[in-house]
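User: I am new to this structure. Please take me through it in questions and answers.

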Amino acid sequence: MDSKSLFAKAQTLMPGGVNSPLRACKYVHAEPVFIQNARGAHLFDVDGREYVDYVFSWGPQLLGHQDPAVSEAAHKAIDLGSSYGAPCFGEIALAEKITELIPSMEMMRMVSSGTEATMSALRLARGYTGRKKFVKFIGNYHGHADAFLAAAGSAAATVPGTPGVPEEVTSHTLLAQYNDLDAVKAHFETDGEDIACVIVEPVAGNMGLVLPKDGFLQGLRDLCTQYGALLIFDEVITGFRVSPGGAQQRFDITPDLTTLGKIIGGGFPVGCYGGKREIMEHMAPVGTVFQAGTLSGNPVAMAAGLATLNRLADCDYDALEARTKALTDGLAEIMAEKGKPVTVNRIASAFTMYFSNKPVTNMIESGQADGETFATYWQQMLAQGIYLAPAGFECAFTSFAHTDEDFEKTLEAARKVEF
Ligand code: PLP
């Protein structure tokens, strides 16, 4: 069956034909292609077409698809049984590796998705501090747990409100614009006694890529310390991507809790939250804050995640960053020549090209970028074999598997786009 027929059938079985909304490609006025397989930096669809991938399963596949060491580790693990619901060595091995790379995560809990990680970290912060409120940034996305669905980014930004989430639940969610330290200060001045935590994407990746301004993360750290609130870095995207030790290493700020996902499962469903021992020991069964999971610490995900982190140790982050910069400089030059100036936000192997001639530092400015021009660009790039996230407010990811030919093909395709 071809993509068109599969999508027609899928729509009879799943809302919008998909298991996660953005995949439906609604925001670029297109239908999705169905993927048959993936290797290295390339995707292959059921229609026999090949694409240079810049989505990589929304981030996890930093090594590219089917990295031999990761695949071998996963296959070996499957041969030993795919799930036990009992402790296994792989959980320790991955936890030890994570704590070595991110020392602020002295203790951690494995879960099965980023959503579970952030939801559990919030519960822990509330349980630990005995406070209800928390600060979240407009346009940051922390998964789809109720409390976070107030002015969330990514696909959640595209639905008008979020029916199904009672106001009472989000009434404890205090909002601030990203990069606006004064707004956070104002919340602390009004509600400081009641604020359990500030949760932030240390580099925002769900309103397009937005970098923290100088002093923003340190300012959050200082405010949390001053008011006895916890600082949670949601590193589901940035962890092991913006540097081997995540955003906290790159910006030299130590959060109290960190949430991880994506990369630490090597493409298998996984998430993790962790931080200071003294805080983590409030989790059951040592403490009284409850959280559990049948598939938590799944041996296949642990093995693939460990193999991924081991492989990343041999990868040259600086070289990939330099190559990614060259790619984005090239794209910006091409768009400028076409009379479509762009603003590129970029860090390490992630970037967003906004069709806007203004800096993008928060959700308001991200929303001012021209989504229709992006849709035109996206459609023509796809037709030429370049697979980008199907919304202007998402990141593009490069990987250690991309070759110079892949980047050249991307630039060549961009040159041929007509607006
Ligand atoms: N946090 C951030 C920063 C994310 O980007 C995402 C997903 O993209 C999540 C949390 C939720 O992760 P998951 O989709 O695995 O539930």
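This is a predicted model: local features need pLDDT of at least 70, side-chain atom pairs count only at pLDDT 80 or more; totals for chains, interfaces and linings use all residues.

User: How many helices and strands does the protein chain have?

Analyst: Helices (H or I, at least four residues) and strands (E, at least two) are DSSP runs, numbered from the N terminus. By that rule, the protein chain has 14 helices and 14 strands.

User: Why is the protein chain said to be as compact as a globular protein of its length?

Analyst: The radius of gyration is taken over C-alpha atoms, and the globule rule is 2.2 Å times the number of residues to the power 0.38. For 419 residues the rule gives 22 Å, and the radius of gyration of the protein chain is close to that, so the chain is as compact as a globular protein of that length; its value is 21 Å.

User: What share of the residues in the protein chain is buried?

Analyst: Buried means under 20% relative accessible area, exposed over 50%, and partly exposed in between (1.4 Å probe, protein chains only). Of the 419 residues in the protein chain, the buried share is 54%.

User: What share of the contacts with a separation of 6 or more comes from residues 24 or more positions apart?

Analyst: A contact means heavy atoms within 4.5 Å. Among contacts in the protein chain with a separation of 6 or more, residues 24 or more positions apart account for 71%.

User: How far apart are the end C-alpha atoms of helix H3?

Analyst: The expected span of a helix is 1.5 Å times one less than its number of residues. Helix H3 (residues 89–101) has 13 residues and should span 18 Å; this agrees with the distance between its end C-alpha atoms, which is 19 Å.

User: Which elements are among those that cover the buried residues of H3?

Analyst: The buried residues in H3 are Ala93, Leu94, Ala95, Lys97 and Ile98. Their cover includes strand E4 (107–111), strand E9 (257–261), strand E10 (271–275) and helix H10 (299–312).

User: Which elements do the buried residues of H13 pack against?

Analyst: Helix H13 covers residues 371–383. Its buried residues are Thr373, Phe374, Ala375, Tyr377, Trp378, Met381 and Leu382. They pack against E3, helix H11 (317–337), strand E12 (350–354), strand E13 (386–387) and helix H14 (404–416).

User: Is Phe290 buried or exposed?

Analyst: Phe290 lies in the loop between helix H9 (277–280) and H10. Not counting residues up to four places away in sequence, Phe290 touches Arg123, Met283 and Ala284. With a relative accessibility of 56%, Phe290 counts as exposed.

User: What is omega for the peptide bond that joins Ala284 and Pro285?

Analyst: Most peptide bonds are trans. Pro285 is found in the loop between H9 and H10. The bond that joins Ala284 and Pro285 is cis, with omega of about 15 degrees.

User: What is the phi of Trp58?

Analyst: Trp58 lies in the loop between strand E3 (50–53) and helix H2 (68–79). With a relative accessible area of 22%, Trp58 is partly exposed. Most residues other than glycine have a negative phi. Phi of Trp58 is positive, near 65 degrees.

Technical notes. Residues are numbered from 1 along each chain as its sequence is written. Side-chain values use heavy atoms; hydrogens and water are left out.
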